[in-house]
Amino acid sequence: MKRLLACAPLAVALALAGCDGTTATDPLLRPSFDRGGGQGVNLRAGGFGEGSLGAWKSQEGLPDSKGGGNFALYLQKMTATATVAAGFAVITGVEGQPFSALSLSWLHRDGGWCGAGAPRWNVGVTGASGTDYTVFLGCSHADQTGPPPDGWTTDAFSPATIAAQLTTLLGFTDEQAADIEAGTVTSLAIIFDEGTDVGPGFVFLDNITVNAKTFTSPGDNGN
């Protein structure tokens with residue numbers, strides 16, 4: 001976990017930069033940005049670095065909320081974990097919301113990687129004191145007791161689960177945890193940066209839920 005905490009800020013910084021075009025991405029790996037939206041909550045996928053990609057893939061997921069695309073979000077890193085590279089998805093429209101009310105989940109398809117560090121939620125938070133934090137919520141530490149469809153696993157982080165992990169798993173002090181809990185969300189991203197030296201190097205995610213908003217396809221962007 002200490003290795004994860006050391007490298008993750010760089011990964012998310014590069015990922016966020018990649019969304020506005022300030023980080024170069026191999027044209028062969030650059031996914032098309034999602035259809036729809038612009039207002040409300042949006043999810044935009046991408047990748048940076050060797051062998052890495054984030055993109056919606058049709059006919060790889062569960063039934064969508066509209067249309068017959070059956071999309072799933074595909075994230076890959078087909079290189080070593082130590083390589084500075086990642087597939088990612090940046091979620092916008094949640095800035096300013098209370099951290100203590102944040103509820104996050106997705107389904108991951110069997111055969112893909114679900115490790116302690118990837119795929120993970122990176123949550124940027126400004127505490128009540130004005131201090132900035134990044135909270136990492138790794139796939140294998142999620143609550144996986146929910147009943148998923150066949151071939152999928154539920155990975156959920158309720159507000160209570162997140163609060164408990166701040167001190168017991170992520171190493172924040174009680175004072176820092178209280179500051180985070182009283183703070184607001186400043187950024188949110190899904191990062192996949194564990195490579196083929198620890199797993200298969202990819203994962204398919206579906207029904208990605210941020211509070212009351214669920215992404216089943218690129219068409220779910222916006223309100």
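Modeller: Partly exposed describes a relative accessible area between the limits for buried (under 20%) and exposed (over 50%), with a 1.4 Å probe and protein chains only. This is a predicted model, in which local features need pLDDT of at least 70 and side-chain atom pairs count only at pLDDT 80 or more, whereas totals for chains, interfaces and linings use all residues. Residues are numbered from 1 along each chain as its sequence is written, and side-chain values use heavy atoms, with hydrogens and water left out.

Biologist: In what order do the elements of the protein run from the N terminus on?

Modeller: Helices (H or I, at least four residues) and strands (E, at least two) are DSSP runs, numbered from the N terminus. The protein has 3 helices and 11 strands. Their order is α-β-β-β-β-β-β-β-β-α-α-β-β-β.

Biologist: What percentage of the residues in the protein is buried?

Modeller: The accessible surface is about 9,300 Å², and carbon and sulfur atoms hold 54% of that area; the areas come from the Shrake-Rupley method with a 1.4 Å probe, only the protein chains shown counting as cover for residues. Of the 223 residues, the buried share is 49%.

Biologist: Which residues have the most contacts inside the largest nonpolar core?

Modeller: A nonpolar core is a set of buried Ala, Val, Leu, Ile, Met, Phe, Trp, Tyr and Cys residues joined through side-chain atoms within 4.5 Å. The largest such core has 40 residues. Those with the most contacts inside this core are Phe-99, Trp-121, Val-123, Val-135 and Ile-208.

Biologist: Which elements do the buried residues of H2 pack against?

Modeller: In helix H2 (residues 159–168), the buried residues are Thr-161, Ile-162, Gln-165 and Leu-166. They lie on the same side of H2 because they cover an arc of only 145° around the axis, the arc being that of the directions from the helix axis to the C-beta atoms. Ala-160 and Thr-168, on the other side of H2, are exposed. Through contacts (heavy atoms within 4.5 Å), the buried residues pack against strand E7 (132–138), strand E8 (152–157) and helix H3 (174–181).

Biologist: And what do the buried residues of H3 pack against?

Modeller: Ala-177, Asp-179 and Ile-180 are the buried residues of H3. Their arc of only 160° around the axis puts them on the same side of H3, while Asp-174 and Glu-175 on the other side are exposed. The packing partners of the buried residues are E6, E7 and H2.

Biologist: How many residues apart in sequence are the parts that Arg-109 and Glu-60 tie together?

Modeller: Arg-109 and Glu-60 form a salt bridge, with the closest N and O atoms 2.8 Å apart; the term requires a side-chain nitrogen of Lys or Arg within 4 Å of a carboxyl oxygen of Asp or Glu. Arg-109 belongs to strand E5 (residues 104–109) and Glu-60 to the loop between strand E2 (52–57) and strand E3 (72–77), so the joined parts have a sequence separation of 49 residues.

Biologist: Are Asp-193 and Arg-120 buried or exposed?

Modeller: Asp-193 and Arg-120 meet in a salt bridge at 2.8 Å, N to O. Asp-193 is in the loop between strand E9 (184–192) and strand E10 (202–210) and Arg-120 is in strand E6 (residues 120–126), so the pair ties together parts 73 residues apart in sequence. As to accessibility, both Asp-193 and Arg-120 are buried.

Biologist: Which residues does Ser-217 touch, not counting residues up to four places away in sequence?

Modeller: Ser-217 is in the segment after strand E11 (213–215) and is buried at 4% relative accessibility. Beyond four places in sequence, Ser-217 touches Trp-56, Asp-64 and Phe-71.

Biologist: What is the phi of Asn-207?

Modeller: Asn-207 lies in strand E10 and is partly exposed, at 25% relative accessibility. Its phi is positive in a residue other than glycine, with a value near 50°.

Biologist: What is the omega of the peptide bond from Ala-118 to Pro-119?

Modeller: Pro-119 lies in the loop between E5 and E6. The peptide bond from Ala-118 to Pro-119 is cis, with omega near -10°.
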